[in-house]
Amino acid sequence: MNAMGRKFRRAAKAAAKVKLGDAPRFQSDITETCANCSRVDIALMVRRAHKFMSKDLNYYLGTFQEIRAKSRECQLCRAWLELTPKFEGLPDGEYPEHNTLTLETTSTYTKGTFKLLEDNADYDDKRLHTVRLSLFDRINRRRGPEFTATVNSGSFYLHRDDIRWNEISSQIDFSLPRTWMKFCLENHTICRSAHASGSETLLDVLRLIDCDKTLSTGQMQIFRPSDAPEYVALSYVWGKKLSDDQKVQSSSADSKEVQTEKEGLLEYLPLVIRDSVLATMQLGLRYLWIDQYCIDQDDSKAKHETIMKMDLIYATAALTLVAAAGSDSDHGLSGVGLTARNPLNSVEVSNSLRFVSVKHAEDCIRDTTWATRAWTLQEGLLAKRRLVFTSEQMFFECQEMQVAETVAVPLEVLHESHVTSRLEGGYFHAMANHHILYYRIVWIFRNYTRRSLSYSADRINAFQGILNSMKPTMTHVWGLPISADEDKMGSFIGSLGWEHDKTWFREFRDQVKRSPEFPSWSWAAWEGQQDYSSLNSTKDLRVKFYLTDGSPVDLSNESTKEELRGLESKATHRFTLQTFILNPDSITAHDSKLYLYHEARQNFFEPMKVQHYLGRDEDDKTLEQIRIGVFKLIYVGTVHHAASRIQPQMRFIVGRNKEDSLERIGLMKVKLGTSEDEMAYLRSNANFMSIDLV
């Protein structure tokens with residue numbers, strides 16, 4: 001761009017900033033401050049928040065007792081105390097004796113921003129910056145409340161007066177989410193067109209609650225629709241097992257009504273169910289899908305068919321209600337009906353200035369019970385629109401925007417920015433926004449294995465919807481992804497190199513148990529937090545599966561999508577892998593560690609890292625069994641890093657004899673030299689052969 005062009009562009013941006021709603025220049029009217037608080041540049045915090053943040057300073061404010069004593073004369077000391085949440089176990093207004101409070105301006109300790117407007121020359125002035133109070137005791141620092149400043153009765157200082165703090169009450173005003181929904185329906189092409197492949201088959205399993213009839217009769221009404229109406233889905237935590245008088249049982253597949261021992265009375269159902277019926281009607285919709293009531297829990301065939309279509313159920317729903325507060329179904333939807341909530345704190349500092357508590361969607365959702373349950377991951381990710389109820393506020397996140405109840409921003413203004421800007425900070429977008437499908441599912445997989453599941457047999461069931469949503473680009477065999485378009489065989493073999501999270505494994509390795517429902521080579525067979533790495537150097541390896549009818553199927557890059565679909569549903573636990581089995585003569589033990597010997601160079605590689613599932617007491621025995629070749633080391637690929645200075649790492653499954661096959665009992669990793677050719681090493685120090693894994 002030439003000089004004249006740059007000058008014209010700057011002039012256009014300057015003109016665009018002058019709008020009728022522009023906020024007047026802020027002048028602080030704080031008149032009473034103590035010596036500590038007078039150092040805090042409030043005017044800079046408001047007018048140029050990014051400059052305030054970039055100071056990278058910590059303002060020591062004093063002990064709680066000192067701050068409380070000064071609060072009679074200092075307006076800011078009063079504000080710090082009001083912003084600080086109540087301490088558990090102490091009465092209101094009481095604080096731990098030795099705790100201190102510090103104002104932290106550096107973004108190191110906080111995400112620090114909401115990205116509300118498009119990036120431009122004034123990039124930093126177009127973001128809502130936040131500051132954090134941190135609490136210190138004699139040993140630890142604890143994250144305190146995150147907050148920002150508002151002026152002119154709630155305006156965020158973003159060069160305009162129409163982006164404001166929205167003071168909310170304990171009860172939800174449903175006109176706001178209706179506005180979000182309406183805007184999405186009218187303006188978001190992606191959300192309108194979002195529907196899962198095969199959704200026409202959904203009617204085979206779809207049963208819905210008629211909320212209008214349920215409220216008018218006081219009794220749960222479930223029916224099977226003849227066509228697909230607009231409906232709402234609910235994602236929630238079951239928690240404690242529902243009692244028999246709460247469990248809905250259908251008298252027939254086409255039943256128009258349901259009966260319970262309490263005659264299906266709405267008043268006896270869990271609070272989250274009652275609130276969801278109310279919320280659906282308040283949103284202007286009528287029909288509701290809830291797994292506990294719309295899946296026949298006593299018909300195993302129907303239950304399996306519905307689980308296989310979970311992706312369709314949530315992707316087709318007009319909206320998914322996410323009950324993110326509480327630990328079970330008796331908590332309810334916060335802000336609906338009788339379920340109270342605790343709105344975020346807003347503190348008046350002076351006539352023109354308020355401090356308002358800010359929580360990002362991730363901070364509100366991440367530590368909830370809902371976010372720790374395996375089943376709820378796919379329910380949230382697969383939905384095209386979510387309305388999330390937390391204990392403090394609502395969040396709305398669709399495919400093109402995410403908004404918070406406490407931040408009122410004109411949606412048309414928000415949509416002047418790029419879609420990625422509008423989604424920044426979104427809880428679900430952050431988990432699944434990688435443009436490469438394989439890495440997207442790897443990120444989701446990591447999140448999934450860190451969640452809890454009541455029944456180990458459900459490990460793939462609770463992930464099935466996510467796996468289905470990747471079709472036809474990707475399929476799977478026993479939960480291990482296979483690319484349907486690119487390197488089919490390499491993607492499967494590389495998936496065999498999964499491992500347990502190192503930090504988790506160090507602490508909980510003795511709790512790793514095998515689930516016999518799955519083959520030992522699948523992540524689903526073993527408890528615990530797990531990770532994937534992209535493995536290369538698998539081109540010489542070969543794979544053969546065996547179907548339930550006994551027929552073999554060779555996996556190759558020429559395998560059709562139809563053949564891959566057959567593998568997903570019909571593959572047995574056994575498959576044949578043609579690969580390198582490390583020669584035990586190349587392994588040496590020293591100081592309770594194993595080393596690979598490089599005969600050509602007459603030296604050793606770095607020590608092997610062995611992660612096995614036999615328990616701590618078996619460490620020495622396991623290493624000895626590997627050294628003498630009783631346990632086989634089965635090559636499944638190498639991790640190569642983009643940075644050439646980082647050593648590549650070969651990975652081997654640790655296999656133990658089981659009749660005429662091998663079962664996986666662990667993983668071994670060993671680093672090579674940066675210039676080392678792993679194929680050359682394997683051809684010299686391993687046997688290329690076929691083995692069966694089960």
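Which elements cover the buried residues of α9? The cover includes α8 (211-217), β10 (231-235), β11 (287-289), α10 (291-294) and β12 (319-323). Buried means under 20% relative accessible area, exposed means over 50%, and partly exposed lies in between (1.4 Å probe, protein chains only). Helices (H or I, at least four residues) and strands (E, at least two) are DSSP runs, numbered from the N terminus.

The structure is a predicted model; local features need pLDDT of at least 70, side-chain atom pairs count only at pLDDT 80 or more, and totals for chains, interfaces and linings use all residues. Residues are numbered from 1 along each chain as its sequence is written, and side-chain values use heavy atoms, with hydrogens and water left out. The predictor's confidence in each residue is given as pLDDT, from 0 to 100. The protein chain has a mean pLDDT of 84. A value of 70 or more is reached by 86% of its residues. Over residues 4-23 the pLDDT stays under 50. The model has 19 contacts (heavy atoms within 4.5 Å) for residues 4-23 beyond four places in sequence. Residues 241-261 also have pLDDT below 50. That stretch has 43 contacts in the model beyond near neighbours in sequence. Where pLDDT is low, the predicted coordinates should not be read in detail.

The protein chain contains 24 helices and 33 strands. Of its 694 residues, 53% are buried. Among contacts with a separation of 6 or more, 71% join residues 24 or more positions apart. The chain exposes about 31300 Å², an area computed by the Shrake-Rupley method with a 1.4 Å probe; for residues, only the protein chains shown count as cover.

A nonpolar core is a set of buried Ala, Val, Leu, Ile, Met, Phe, Trp, Tyr and Cys residues joined through side-chain atoms within 4.5 Å. The largest one has 94 residues. Phe492, Trp523, Leu577 and Leu582 have the most contacts inside it. Helix α18 (residues 437-449) gives the largest share of this core, seven residues. A second, separate core has 65 residues, among them Ala233, Leu266, Met310 and Val336. In soluble globular proteins, nonpolar side chains tend to be buried together. Beyond four places in sequence, the contacts of Leu582 include Ile587, Leu596, Met608, Leu633 and Phe652.

Helix α9 (residues 271-282) has 12 residues. Its first and last C-alpha atoms are 16 Å apart, close to the 16 Å expected at 1.5 Å a residue. The expected span is 1.5 Å times one less than the number of residues. Buried positions of α9 include Leu271, Val272, Ile273 and Asp275. Just after α9, Gly284 takes a positive phi of about 85°. Helix α5 (residues 75-83) is mostly covered, with seven of its nine residues buried. Trp80 and Leu81 are among the buried residues of α5.

An open sheet of eight strands has mixed pairing and the order β9-β8-β11-β10-β12-β15-β16-β17. β9 (222-223) and β17 (402-404) stand at the edges, each with a single partner strand, so one side of each is left without a neighbour in the sheet. Two strands pair if DSSP finds at least two bridges between them. Strand β8 (residues 208-210) runs antiparallel to β11, joined by two bridges. Ile209 stands opposite Leu288 in β11.

Thr306 lies in helix α11 (residues 300-307). Its relative accessibility is 3%, so Thr306 counts as buried. Beyond four places in sequence, Thr306 touches Val205, Trp289, Ile295 and Ile313. Thr306 and Cys294 are 12 residues apart in sequence and 9.5 Å apart in space, C-alpha to C-alpha.

A cis peptide bond joins Lys471 and Pro472, with omega about 0°. Pro472 lies in the loop between α19 (461-469) and β19. Both faces of strand β19 (residues 474-477) are covered. Met474 and His476 are buried on one side, Thr475 and Val477 on the other. β19 pairs with strand β20 (residues 480-483) in the antiparallel sense over four bridges. Met474 stands opposite Ser483 in β20. The two strands β19 and β20 form a hairpin with two residues between them. In the turn, Trp478 has a positive phi of about 50°. Trp478 is partly exposed, with a relative accessible area of 22%. Asp591 also has a positive phi, near 55°, in a residue other than glycine. Asp591 lies in the loop between β26 (587-590) and β27 (593-598). At 60% relative accessibility, Asp591 counts as exposed.
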